[in-house]
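Subject: Structure handover

Hello,

Here is the structure I promised to pass on. Please open it first, then read my notes below.

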Amino acid sequence: MAPDGRSAAGGEGLHRPPENPAEAAPQPAPAPLAARPIVEARGIHKHFGHLHVLRGVDLVVAERELVFVIGPSGSGKSTLLRCLNRLEEPSAGIITVDGIDMLDRRTDINAARQRIGMVFQSFNLYPHMTALGNVALALRKVQGKPRAEAAERARAALARVDLGDRADHYPGQLSGGQQQRVAIARAIALEPRVMLFDEPTSALDPELVGGVLQAMRELRKDGMTMVVVSHEMAFAKAAADRVVFIADGLIVEQGPPAAIFGSPQHERTRAFIGQIARH
Amino acid sequence: MSNWDRFLNSFFNARVAWDYLPKIADGFVLTVVLALCVIATGLAAGLALAVVRALGVRPLNWLIIFVVDLFRALPPLVIIALLYFGLPAAGLSLSGFAATWLSLSCVLMAFSEEIFWAGITATPKGQWEAARSTGLGFLATLGWVVLPQAVRMVIPPLTNRTIAITKGTALGSVVAVSEILGAAQAGVSFSFNPTPLTLGAAAYVVLFVPVVILGRWIETRFAWKR
């Protein structure tokens, strides 16, 4: 059975950014547990034909929490992430994001998705638009902002990922790392309540990973709630509140990074951590 | 008279050319008008069908595929003849111009639907997902993200097919449309000299070489920066 997401979120694992003096108190306050969950997924199943990819997953993410999801390829971790904003339709389960029932037919899914930013492994920038155009599109066409205001917000978002000077470049004129940062800007420009990262650095050359992780660190500092599917162990150790290990469509183990990477309890987890540690 | 002289007299007879130049010019204008009408309605209808097909409503898609396959299979001349000679039997008669315009539009619609559809399916799935994840709806995603890329991708086959079908305006001569070929054939009948056909060929070159060049320009113009 998958351990309950909430309990394993654990007070001691959920540290806040140290800049916040109120939260820098010496010992873990119980407050994080009481924090309102932004993402609440219960009993998620997903079938692809005969494949049973998710077999009853519970994932609860508290406000300002950074959850890392790791697991072998084909374990269902990306599918889980894609279920959260309903890019993938779960076969069964309940998903609530920021209080909105994502699976209710009456939910305006396009409105709900603006609260959930998503960053993809392959960036998926629109190649026919400049960086600015990529970021401004949803501001204009979804949120209905006038051109000038959308452009201004888009520039601000690009500046946040340190690409203020690349606004007029087309994706093809940017490096992979820059493209991924534009993709992050595209998501955060909508001021989402939670950000989903689906292997954001897997398609990048090693020297370009740093810039993307830096942008994610900045988001983290600003208190963004984040769910990250990735194997960037060093980043997870430094920044994650909780690491969730998924295998064969189930959460096998979860806890603070130090515990999961340092002393995994399950054989599956040990084997997996051992494998990725060798890289 | 040598063979060469006879050849020149037949195909490059200055007097006949001068006499029939105005008729060919009229035919030229009519061809241009007919071609523009066919391109406008054919491409618009093809794009509309592709968009409807992207909605993914099964029965609707079967219907679209059936219609498209039908018009791709039928020779354009057969469609023109059916509309022009067949419809009056059903109490509805079309002018030669209307029959040609409608027929070629249907053919261009069918081929361009397939081409647009190919472009839509060739646009990476990630583009849909990225746009949808920012809250764009289906049609907004199609219109702002997918179609601009799909259309760029298919501009070369689209211009080729458009040119090929537009040249089918010559088939209008069969149903009494005095476009370039019709005017030239009439000229041949009246003058007993094939020079008007030479003029007609020249008119087609004058008309379509710029179109081919325009197509090439569009291809480069709409290639995005890499």
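Start where the chains meet. In this predicted model, 19 residues of chain B are in contact with 22 residues of chain A. Contact here means that the C-beta atoms of two residues, placed from the backbone, lie within 7 Å. On the chain B side, helix H6 (125-133) and helix H7 (138-166) each supply at least two residues. Helices (H or I, at least four residues) and strands (E, at least two) are DSSP runs, numbered from the N terminus. By class, that side of chain B has seven nonpolar, seven polar and five charged residues. The classes work like this: Ala, Val, Leu, Ile, Met, Phe, Trp, Tyr, Cys and Pro count as nonpolar, Asp, Glu, Lys and Arg as charged, and the others, Gly among them, as polar.

Two notes on reading the model. Residues are numbered from 1 along each chain as its sequence is written, while chains are lettered from A and ligands numbered from 1 in the order in which they are written. The model is predicted, so local features need pLDDT of at least 70 and side-chain atom pairs count only at pLDDT 80 or more, but totals for chains, interfaces and linings use all residues.

Chain B

H7 of chain B also packs against helix H5 (residues 96-122) of chain B. Their angle is about 145°, and their axes are 8 Å apart. Axes are lines fitted to C-alpha atoms, for helices over the stretch in contact, and angles run from 0 to 180 degrees between N-to-C directions. The crossing of H5(B) and H7(B) is right-handed. That word applies if the near helix is turned clockwise from the far one by less than a right angle; left-handed is the anticlockwise case. Among the residues that meet are B:Leu104, B:Phe111 and B:Ile115 in H5(B), and B:Val146, B:Leu158 and B:Arg161 in H7(B). By class, this contact has 17 nonpolar, three polar and one charged residues.

UniProt, in an unreviewed entry, places "transmembrane region" at residues 28-50, 62-85, 91-112, 133-151 and 197-218 of chain B. UniProt positions are in the numbering used here, feature names are shortened, and annotations may be inferred rather than shown by experiment. Residues 28-50 are 100% helix and 0% strand, with end C-alpha atoms 32 Å apart. Residues 62-85 are 92% helix and 0% strand, and their end C-alpha atoms lie 29 Å apart. The unreviewed entry also puts "domain: ABC transmembrane type-1" at residues 28-218 of chain B. Over that span the chain is 81% helix and 0% strand. Its end C-alpha atoms are 24 Å apart.

Chain A

Chain A is divided into domain 1 (5-115 + 192-277) and domain 2 (126-176 + 185-191). These bounds come from an automatic or database domain assignment. Eleven residues of domain 1 are in contact with ten residues of domain 2. Helix H8 (residues 206-221) gives the most to the domain 1 side, with four residues. That side has seven nonpolar, two polar and two charged residues. For chain A, UniProt lists "domain: ABC transporter" at residues 39-273, again in an unreviewed entry. That span is 37% helix and 26% strand.

Chain A has an open sheet of four strands, in the order E2-E1-E4-E5, with antiparallel pairing. Two strands pair if DSSP finds at least two bridges between them. Strand E2 (51-62) and strand E5 (100-101) are the edge strands. Nine bridges join strand E1 (residues 37-48) to E2(A). A:Ile44 stands opposite A:Val57 in E2(A). Helix H3 (residues 77-84) lies across E1, E2 and strand E4 (92-97), at about 120° to E1(A).

Another open sheet of chain A has six strands, in the order E6-E7-E8-E3-E9-E10, with mixed pairing. Strand E6 (116-119) and strand E10 (250-255) each have a single partner strand, so one side of each is left without a neighbour in the sheet. The twist averages 20° from one strand to the next.

Best wishes
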